[in-house]
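Thanks for making time this morning. I'd like to walk you through one model. Have a look at it first.

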Amino acid sequence: MESRSLVPQSSNFQLPIAQMRSVFQPAEVERKLAQLPEHEHESLRTTYQRMLERGPQRFQVKPHGVPNMAELYEALPNFTEVLDDVKRHVALSQDSRDGLEVTPMLLLGPPGIGKTHFAKQLAELLGTGMSLVPMSSMTAGWLLSGASSQWKGARPGKVFEALVEGQYANPVIVVDEIDKASADAQYDPLGALYSLLEHDTAGAFVDEFAEVSIDASQVLWITTANDARGIPDPILNRMNVFEIEAPNLAQAREIARRLYQGIRRQHDWGQHFDEEPGDSLLDALAEVAPREMRRALMTGFGNARLDRRSQIQPDDLPRAAGQRLRMGFVQ
């Protein structure tokens, strides 16, 4: 589908540039709408009318040049290999009219080490949106690709919603806990991914509800899993697999320090606390899974404030946090 320049290129590598890209053909939608019997399929009729009202043009954005990713490397020290891969893909698209293409990736590792947080940070870096699809709660493939309008309560799938209802032609779509997808003999939750993870076939993806072609070829796919054994080989073969380890002690302390500073900076009450956390606090937080650090810190800030102290002590953290969420370090 065609694209045209929207924002001229700039020498500032920190600013994203954008083109407008059509994610569907209005003529096809108009034809489908005209074929609907009167007073029937009202939900499908509303979907077609909504598509025509919004139009097919979406932003296709990418960083202008290779952005400075130093902060991401420091904030996500156990994702260095993945960040290196993203940087390579960004470098390929710089100084050209080509859109950013990133090979679908699987982040494989234990729970709580920041896989979903990484995806959010990547979406922010690239200047595009993000949609989260939690596969652990999905029992049928139609949640990704839509269900036939013949079924009661049918609706479009998550991919359709991200592209047609969203603002971007190249959103980051995170398929979270892909290894937790359950399937029965009739539905395969991963069935839609066989075509969506292939660039050529994704360009003419057909949602089963709307039954019109959608250009999903620019979607940036990130999947997460704890165990690759639950993922079919044909799906694995379509992705770059990165094994994410738990952060070591030094990395965990750095993650905690940056999170402390971020929370303090984002709140007006942060002015009541020291700019830097103490070493004993960082040691205690390093024993907590990265995704639980924020909750532990918020409790710590509250307890310290109640005691009118400007520094959080380890005893201010949830007492059971270290015992319940201790995850160990990579040596």
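Predicted model: local features only at pLDDT ≥ 70, side-chain atom pairs only at ≥ 80, totals over all residues.

Start with the overall count. The secondary structure comes to 14 helices and 10 strands. The chain has 331 residues, and 46% of them count as buried. Now take contacts between residues at least 6 apart in sequence. Of these, 73% join residues at least 24 apart.

Next, helix H11. It runs over residues 249-266, which is 18 residues. From first C-alpha to last, H11 reaches 26 Å, close to the 26 Å expected at 1.5 Å a residue. Look just before its start. Asn-248 caps the N-terminal end of H11. A side-chain oxygen of Asn-248 lies 3.2 Å from the backbone nitrogen of Ala-250.

Which residues of H11 are buried? They are Ala-252, Ile-255, Ala-256, Leu-259, Tyr-260, Gln-261, Gly-262 and Ile-263. And what do they pack against? Three helices: H3 at 70-75, H12 at 279-285 and H13 at 290-306.

Let's stay with H13. The axes of H11 and H13 come within 10 Å and cross at roughly 55°. That angle makes H11 oblique to H13. The crossing is right-handed. On the H11 side, the residues that meet H13 include Ala-252, Ile-255, Arg-264 and Gln-266. On the H13 side, we have Met-293, Arg-294, Leu-297, Met-298 and Phe-301.

Pick out Leu-297, which sits in helix H13. Its relative accessibility is 0%, so Leu-297 counts as buried. What is around it? Setting aside neighbours within four places in sequence, Leu-297 is in contact with Ala-256, Leu-259, Tyr-260, Ile-263, Leu-281, Leu-285, Ile-312 and Leu-317. One more distance here. Leu-297 and Asp-316 are 19 residues apart along the chain, and their C-alpha atoms are separated by 8.6 Å.

Helix H1 covers residues 26-35, and helix H2 covers residues 42-54. Their axes come within 10 Å and cross at roughly 150°. Angles over 145 degrees count as roughly antiparallel, so H1 is roughly antiparallel to H2. H1 passes H2 in a left-handed crossing. From H1, the residues in contact are Pro-26, Val-29, Glu-30, Lys-32 and Leu-33. From H2, they are Arg-45, Tyr-48, Gln-49, Met-51 and Leu-52.

On to a strand. Thr-223 lies in strand S9, residues 220-225. Is Thr-223 buried or exposed? The relative accessible area of Thr-223 is 1%. Buried means under 20%, so Thr-223 is buried. Again leaving aside neighbours within four places in sequence, the contacts of Thr-223 are Met-105, Leu-106, Leu-107, Val-175, Ile-178 and Met-239.

Last, two glutamates in loops. Glu-177 is in the loop between strand S6 (172-176) and helix H8 (193-196). Phi of Glu-177 is near 55°, a positive value in a residue other than glycine. Glu-177 is partly exposed, with a relative accessible area of 26%.

Then Glu-211, in the loop between strand S7 (205-206) and strand S8 (213-214). Here too, phi of Glu-211 is near 55°, again positive in a residue other than glycine. At 40% relative accessibility, Glu-211 counts as partly exposed.

That's my tour. Thank you.

How values were computed: Residues numbered from 1 in each chain as written. Heavy atoms only, no water. Helix = DSSP H or I, 4+ residues; strand = E, 2+ residues; numbered from the N terminus. Expected span 1.5 Å × (residues − 1). Buried < 20%, exposed > 50% of the residue type's maximum accessible area, 1.4 Å probe, protein only. Contact = heavy atoms within 4.5 Å. Polar contact = N/O pair within 3.5 Å; in protein donor to acceptor, adjacent residues only side chain to side chain. Axes fitted to C-alpha atoms, helices over the stretch in contact; angles between N-to-C directions. Parallel < 35°, antiparallel > 145°, perpendicular 65-115°, else oblique. Left-handed = near helix turned anticlockwise from the far one by under 90°.
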